[in-house]
Amino acid sequence: MFRCGKFQFDLSRPLVMGIVNVTPDSFSDGGHHVSTAKAIAHALKLIEDGADILDIGGESTRPGAATVSEREELDRVLHVIEGLRGISVPISIDTYKPGVMRAALAAGASMVNDINALQAEGALAVVAGSDAAVCLMHKQGTPQIMQQQPHYQDAVSEVTAFLRERVAAAMAAGIAHERIVIDPGFGFGKTLGHNLELLRGLAAFNDLGVPVLAGMSRKSMLGALTGREVGDRMAASVAAALLAVQRGASIVRVHDVRETADALKVWNALNEG
Ligand code: 7PJ
């Protein structure tokens with residue numbers, strides 16, 4: 001069972017988390033109104049396409065991306081969350097800033113997706129003081145420098161140990177295990193070899209007793225494997241999502257919701273037989 005505010009999922013089939021990036025539109029100078037409207041329209045399209053959860057983010061955490069201020073991040077995401085009030089699926093807020101978490105939950109989000117695994121001062125308390133779910137993700141380093149020299153003795157055991165500690169910290173803060181998911185953080189301070197080790201060994205993360213989320217959609221590991229640019233990685237992304245589910249992932253975080261949902265329908269049919 002996975003609880004997410006007023007929503008709950010029995011996890012008898014894998015869930016699709018659709019990515020909604022709310023970053024300024026470089027082709028217009030229409031300011032926040034334009035990107036808000038576009039993000040809301042995109043979110044509604046993803047629900048139609050079969051998204052079970054929407055993940056809304058106002059700061060890019062791709063390798064090398066610049067940080068944005070809390071004020072700017074809130075300006076980007078809050079109107080979108082408010083504009084989606086009443087939708088049929090839970091909203092996850094993709095942030096590591098406790099102030100953004102608090103405001104997003106107050107505006108209607110029911111999950112926090114934190115690439116920093118609630119390590120920021122006050123972050124555990126914000127989630128513990130709500131009924132929201134949380135995704136605890138592993139990364140090595142920060143998005144600005146994390147791809148410079150990632151290093152592990154054994155990626156699966158080191159990432160597992162980190163996530164085990166963060167699950168314990170979350171539970172000690174009062175977050176029930178039904179509200180926690182974990183994520184090895186593909187591409188966050190990992191070489192292609194590390195990412196493949198983590199995917200190969202993904203089933204090990206289920207030993208922690210909470211659902212596993214995997215996010216490989218359009219990432220550079222898929223570019224490295226296919227030689228394709230970021231806009232041309234859909235087939236590789238769908239394959240990666242399906243392979244993650246086969247290795248025990250309960251949630252896949254993707255851009256191409258419709259295509260991933262179709263692939264998972266084939267997976268579900270096999271499991272129901
Ligand atoms: C992830 C994420 C991921 C979780 C991003 C991108 C980079 N959150 N946020 N897991 N990736 N939980 O989508 O390319 O893998 S941003």
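**View 1. Helix H2 beside helix H3 (residues 98–107).** The axes of H2 and H3 cross at roughly 15° and come within 10 Å; axes are lines fitted to C-alpha atoms over the stretch in contact, with angles from 0 to 180 degrees between N-to-C directions. H2 is therefore roughly parallel to H3, a label for angles under 35 degrees. Helices here are DSSP runs (H or I, at least four residues), numbered from the N terminus. This is a predicted model, in which local features need pLDDT of at least 70 and side-chain atom pairs count only at pLDDT 80 or more, while totals for chains, interfaces and linings use all residues. Residues are numbered from 1 along each chain as its sequence is written, and side-chain values use heavy atoms, leaving out hydrogens and water.

**View 2. Helix H1 (residues 32–49) against helix H2 (residues 70–83).** Here the axes lie 9 Å apart at an angle of about 45°, so H1 and H2 are oblique to each other. On the H1 side, look for His-32, Thr-36, Ala-39 and Ile-40, which meet H2 residues including Asp-75, Arg-76 and His-79 (contact means heavy atoms within 4.5 Å).

View 3. A polar side-chain atom of Asp-183 sits 2.5 Å from a ligand nitrogen atom.

Methods
Helices (H or I, at least four residues) and strands (E, at least two) are DSSP runs, numbered from the N terminus. Angles under 35 degrees count as roughly parallel, over 145 as roughly antiparallel, 65 to 115 as roughly perpendicular and the rest as oblique. A polar contact is a pair of N or O atoms within 3.5 Å; within protein, one must be able to donate a hydrogen and the other to accept it, and residues adjacent in sequence count only if both atoms are side-chain atoms.
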